Amino acid sequence: MEEKPARLTGARFLIQAEEAEAMAKEAGVAAVTELLPLLVPAAQRLARPPISNYRVGAVGLGTSGRIFLGANLEFPGLPLNHSVHAEQFLVANAAAHGETGIRCFAVSTVPCGHCRQFLQEIRGSAEIQILVTSDEEPAFRPLASLLPLPFGPPDLLHKGVPLLLEPHDNALGATVVPGGGGGRGLFDAIGEGRMEQRLRAAAEAAARASHAPYSGCAAGFAVADVDERVYAGSYLESAAYNPSLGPMQAAMVAWVAAGGGGGGEDGGWGIVAATLVEEEAAVVSHVGTARIFLEAMAPGAHLEAYRLRSSKAD
Amino acid sequence: MESGKFVIAAQEAEAMAKTAGVAALKELLPLLVPTALRLARPPISNYPVGAVGLGMSGRIFLGVNLEFPGLPLNHSVHAEQFVVANAAAHGEAGISCIAVSSFPCGHCRQFLQEIRGAGEIQIVVTSDEDAAFRPLSSLLPHRFGPFDLLHKGIPLLLEPHDNDLGSVESAVIAGGGEEVYEGIEKEGIQQRLRAAAGAAAKASHAPYSGCAAGFAVADGEGRVYAGSYMESAAYNPSLGPVQAAMVGYVAACGGVGGEHRGWGIFAAALVEKEAAAVSHEGTARIFLEAVAPGANLNVYRFRSSATV
């Protein structure tokens, strides 16, 4: 099969439905699904894995017809469970754009068990079609064939609880119990107060959209660069706990997907400030981890943490 | 104080099998799962998981899930990981079968790939209607694993490791808790912690990052428990040295306190590579903050040329 990898100009992590159709035509394939494997090399080029130097790219098709890219991210100086897999990137990217389902995706390496598990959070996950471009004979196969007899949301949740990619609107408390980090001086330069408000609002919105049905601990994280652009991500929990995507990781997905720099061979991400929003006395808390994450990734960046006290009954 | 038996010697296992009237040791495993379940410590989910593994030596290793409130969920230890870390700590060379109370999740099916011959490990799930042993390869077909990244000949998990720690520079981080040990020489504790963490680092399985690491904790009576960092080819399922040490702690004595404040840990030591691409120092600090506030942590960084 002589198909050229499809070209993407610039670092693009989202392709609108119309453009996807047009690209499929241009590439000479009958369906947009066949376009996905052709985009995998482009996704791989966007990976930032300075520890392994093993690039993984994933390209998924949402039920909206939009295409989402994912690439793996690694963060030197931290334990490996801070890493983001390309498949998780893809899902978090889709979630951040309000995508309600993923029908299929192509990926450069066969998904590991951690990802096969993380994908269980999506309704109908068993039927997600997956193609591995490094296979001798790449073909779409259902996730169920890669993770038979899965452990997943139905083992722990009642029916009717929203799953990943379904709308969430977590009730967050209004009362703030502040607890911050350091580096106050950075805010003076950027526009103290206003930047802090934007970061907090973004992290709060992300927390409201967070998928945390197992612990009940919604959380969101927002980061800002020196140009005052703000990116935020929602905590996305896994029934199997450990594969959960932390809010910092979700925020970095947003950062990279928007073209944010950093994480390359020379290290250094241009993050100057960050904000975590989570619930007070959360049984799953990210405050300490957010601190060490920033220490490793952006030393000197200011971290603000807001713990919200809610009055909701559960 | 909860103290269960997490390791059953080969002879005793044989005797138990006879008493239970089962023909093979393998069939004894599911019968021990309820025992393991009772030892689990999952205060976040309240979903206990128990696992029982049979080593090539004929010894049986129990495993339970551990959860740590106040930390992200990736600090949790799964029962299957506990079995493997428990076996590794006891020098077990291989695991042939595992009985577990719930279907292993993808994270565990992946972690188990680190063992040579993982595909043939027989797994039985006691909650399964069709409770029959099936090979791990049927639970994780078309796997991603060590051989996607490593050359043949590199030791896999449960095979002997002897990482070169080179020279160990000491960087002491004062974390309080210094007056805890009355009547027991504080210096002695620190040395024993350092030695235990160092030995654990030497035995650590970290072929992907090359960053061997070991962690040790001491309880109020000055007993020391250590654990080795165990890396996964898929990175995220790796078992941190702190978690491995907690496995050692729980397996040895049930871990005083459990979900109650303190876990009974008063001091700890981390041994890891200097300027490591994979560093556990920050994580160890926040773990202790949440699980044993006031416990003293010393960090020792080694500079080595080769890690296997």
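**Cysteines**

I began with B:C97 and asked how far its sulfur is from the closest cysteine sulfur. The closest one belongs to B:C108 and is 17 Å away, too far for a bond, since a disulfide is counted as a pair of cysteine sulfur atoms within 2.5 Å. I also looked up how covered B:C97 is: it is buried, with a relative accessible area of 3%. (Buried is under 20% relative accessible area, exposed over 50%, partly exposed in between, with a 1.4 Å probe and protein chains only.)

Before going on, I noted that this is a predicted model, where local features need pLDDT of at least 70 and side-chain atom pairs count only at pLDDT 80 or more, while totals for chains, interfaces and linings use all residues. Residues are numbered from 1 along each chain as its sequence is written, chains are lettered from A and ligands numbered from 1 in the order in which they are written, and side-chain values use heavy atoms, with hydrogens and water left out.

A:C104 is in none either, and its nearest cysteine sulfur, in A:C115, is 17 Å away. A:C104 is buried too, at a relative accessible area of 4%.

**The open sheet in chain A**

I traced an open sheet of 6 strands with mixed pairing, in the order β1-β3-β2-β4-β5-β6. Its edge strands are β1 (14-15) and β6 (141-142), each pairing on one side only. Helices (H or I, at least four residues) and strands (E, at least two) are DSSP runs, numbered from the N terminus, and two strands pair if DSSP finds at least two bridges between them. β1(A) runs antiparallel to β3(A), joined by 2 bridges, and A:L14 has A:F68 as its bridge partner in β3(A). Helix α2 (32-45) packs on this sheet, touching β1, β2, β3, β4 and β5 (129-132) of chain A, and its direction makes about 145° with that of β2(A). (Contact is heavy atoms within 4.5 Å; axes are lines fitted to C-alpha atoms, for helices over the stretch in contact, with angles from 0 to 180 degrees between N-to-C directions.)

**Helix α3**

How many of the 11 residues of α3(A) are buried? I found 9, so I put down this helix (86-96) as mostly covered. Among the buried ones are A:F89, A:L90 and A:V91. The buried set packs against β2 (57-62), β3 (67-71), β4 (102-107), α4 (113-118) and α9 (247-257) of chain A. Just after the helix, A:G98 takes a positive phi of about 70°.

**Hairpin**

β8 (219-225) and β9 (230-234) of chain A pair antiparallel over 5 bridges, and A:A222 has A:A232 as its bridge partner. The hairpin has 4 residues between the strands, and A:E228 takes a positive phi near 65° there.

I followed A:I271: residues up to four places away in sequence aside, its contacts include A:V223, A:M252, A:W255 and A:L294.

**A:S125**

Last, I checked A:S125, in the loop between α4 and β5 of chain A. It is buried, with a relative accessible area of 7%. Its side chain makes a polar contact of 3.5 Å with that of A:Q120. (A polar contact is a pair of N or O atoms within 3.5 Å; within protein, one must be able to donate a hydrogen and the other to accept it, and residues adjacent in sequence count only if both atoms are side-chain atoms.)
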